[in-house]
Amino acid sequence: MNKKTRNILIIVAIVVVIVAIGGYQFMKSYMGNKVAIEQVIPATNTSTESSGTAASGASVAGDQLNGDWKINTDSSKVYFSVTTSQETVNFVDNKVTGNWTVNVDDPTKMVAEGQIDMSAIDSGTAQRDEHVKEADFFDVAKFPQATFKATSFEGLPTTWTEGATNDFTMKGTLTVKGIDKDVTVVGKAVYQGGQILLSGTTTVTFEDFGMKNPHSVVLSTQNDIGVQLELTLDK
């Protein structure tokens with residue numbers, strides 16, 4: 001191999017490395033997570049004890065809690081999370097509406113429903129967002145809304161404490177693409193400043209709603225989809 005050929009090969013190798021690095025950085029930028037989950041319940045809130053009381057804060061009676069509440073559309077969000085071979089990627093939807101009827105004295109009378117505008121899904125990458133809205137995935141043109149309707153509540157105490165966290169579970173039906181899926185939401189609720197703050201999580205799969213988890217040469221995605229509710233309720 002003469003010197004000229006060797007130099008050409010070295011230059012080609014350098015170009016290949018530069019292109020590969022640039023391609024990898026582009027892939028990370030396009031596919032990486034750009035959404036941080038914002039929780040409505042401050043991390044400083046204290047948990048309640050099994051008796052439903054906490055060490056500090058004023059007692060909140062049933063008449064303050066019971067009644068009809070609406071989801072605050074300015075501060076409520078729903079997150080969807082998928083884990084790829086690289087990292088966990090979050091999607092946020094801030095167009096959430098719904099109504100809750102609270103009755104801590106008789107949980108069988110509690111009712112909750114919510115709607116999500118699927119066109120508002122946002123991962124911070126426009127091309128990726130448009131892709132998940134297409135027919136292969138959420139098919140937003142045909143199914144513009146996802147809905148949730150609660151069927152039962154467990155664990156909420158009859159008396160709350162201002163600012164204290166109450167653990168609860170909520171069972172219900174999540175409907176996406178016209179397909180119903182029974183889910184259990186594990187959540188926390190706080191009464192604070194005249195509002196109820198709710199944070200809850202559940203897990204579904206792509207298969208539950210007739211979708212296939214995405215795979216490519218450079219990236220694979222787990223079948224699970226994490227769903228996280230971060231809601232503020234106003235009376």
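Modeller: A cavity here is a set of grid points where a 1.4 Å probe fits but cannot get out. Keep in mind that this is a predicted model. With that rule, four cavities of 30 Å³ or more turn up.

Biologist: How much space lies in the largest cavity?

Modeller: About 170 Å³. Its lining is made of 18 residues, and those nearest the centre are Val 78, Ile 116, Phe 148, Leu 174 and Leu 229.

Biologist: Which strands supply at least two residues each to that lining?

Modeller: Strands E6 (96-102), E7 (111-117), E8 (145-154), E11 (179-192) and E13 (224-234) do. E7 gives the most, with five residues.

Biologist: And how does the lining of the largest cavity divide by class?

Modeller: You'll find 13 nonpolar, four polar and one charged residues there. Now look at the second largest cavity, with a volume of about 70 Å³. Its lining has eleven nonpolar residues, no polar and no charged ones.

Biologist: Which residues line the second largest cavity?

Modeller: Among them are Trp 100, Val 102, Met 110, Phe 153, Trp 160 and Phe 168. Ala 189, Ile 196, Leu 198 and Leu 233 are also in the lining. E6 and strand E12 (195-205) each supply at least two residues to it.

Biologist: On to charges. How do I read a salt bridge?

Modeller: Look for a side-chain nitrogen of Lys or Arg within 4 Å of a carboxyl oxygen of Asp or Glu. By this rule there are four salt bridges. Take Lys 77 and Glu 38, whose closest N and O atoms are 3.0 Å apart.

Biologist: Why does that pair tie together parts that are 39 residues apart in sequence?

Modeller: Because Lys 77 lies in strand E4 (residues 77-83), while Glu 38 sits in the loop between helix H1 (3-31) and strand E1 (46-47). Lys 77 is partly exposed, at 21% relative accessible area, and Glu 38 is partly exposed at 47%.

Biologist: Which residue forms a salt bridge with Asp 167?

Modeller: Lys 188 does, with the closest N and O atoms 2.8 Å apart. Asp 167 is in strand E10 (residues 164-176) and Lys 188 in strand E11, so this pair ties together parts 21 residues apart in sequence. Asp 167 counts as partly exposed at 44% relative accessibility, and Lys 188 is partly exposed at 37%.

Biologist: Where do Asp 208 and Lys 181 lie?

Modeller: Their side chains meet in a salt bridge, 3.8 Å from N to O. Asp 208 is in the loop between E12 and E13 and Lys 181 is in strand E11, so parts 27 residues apart in sequence are tied together. Both ends are partly exposed: Asp 208 has a relative accessible area of 23%, and Lys 181 has 28%.

Biologist: Next, how do I read a residue that sits in a loop?

Modeller: Check what it touches beyond its sequence neighbours. Asn 33 has its place in the loop between H1 and E1, and it is partly exposed at 30% relative accessibility. Leaving aside neighbours within four places in sequence, Asn 33 is in contact with Glu 87, Thr 88, Val 89 and Asn 90. Asn 33 and Thr 83 are 50 residues apart in sequence, and their C-alpha atoms are 10.0 Å apart in space.

Biologist: What about backbone angles? Which residue has a positive phi of about 45° although it is not a glycine?

Modeller: That's Asp 139, in the loop between helix H3 (126-132) and E8. Lys 177 also has a positive phi, near 55°, and is found in the loop between E10 and E11.

Biologist: Are those two residues buried or exposed?

Modeller: Buried means under 20% relative accessible area. Asp 139 counts as buried at 15%, and Lys 177 is buried at 13%.

Biologist: Let's zoom out to the chain. How many helices and strands are there?

Modeller: The protein chain has three helices and 13 strands. Of its 235 residues, 41% count as buried. The chain exposes about 12700 Å², with carbon and sulfur atoms supplying 55% of that.

Biologist: And what share of the contacts with a separation of 6 or more comes from residues 24 or more positions apart?

Modeller: In the protein chain, they account for 66% of those contacts.

How values were computed: Residues numbered from 1 in each chain as written. Predicted model: local features only at pLDDT ≥ 70, side-chain atom pairs only at ≥ 80, totals over all residues. Heavy atoms only, no water. 1 Å grid on protein atoms, 1.4 Å probe; cavity = no way out; pocket = protein on both sides within 12 Å on 5 of 7 lines; lining within 4 Å. Points joined across faces, edges and corners; volume = space filled by probe spheres on them. Helix = DSSP H or I, 4+ residues; strand = E, 2+ residues; numbered from the N terminus. Nonpolar A, V, L, I, M, F, W, Y, C, P; charged D, E, K, R; others polar. Buried < 20%, exposed > 50% of the residue type's maximum accessible area, 1.4 Å probe, protein only. Contact = heavy atoms within 4.5 Å. Areas by Shrake-Rupley, 256 points an atom, 1.4 Å probe, with all protein chains shown as cover.
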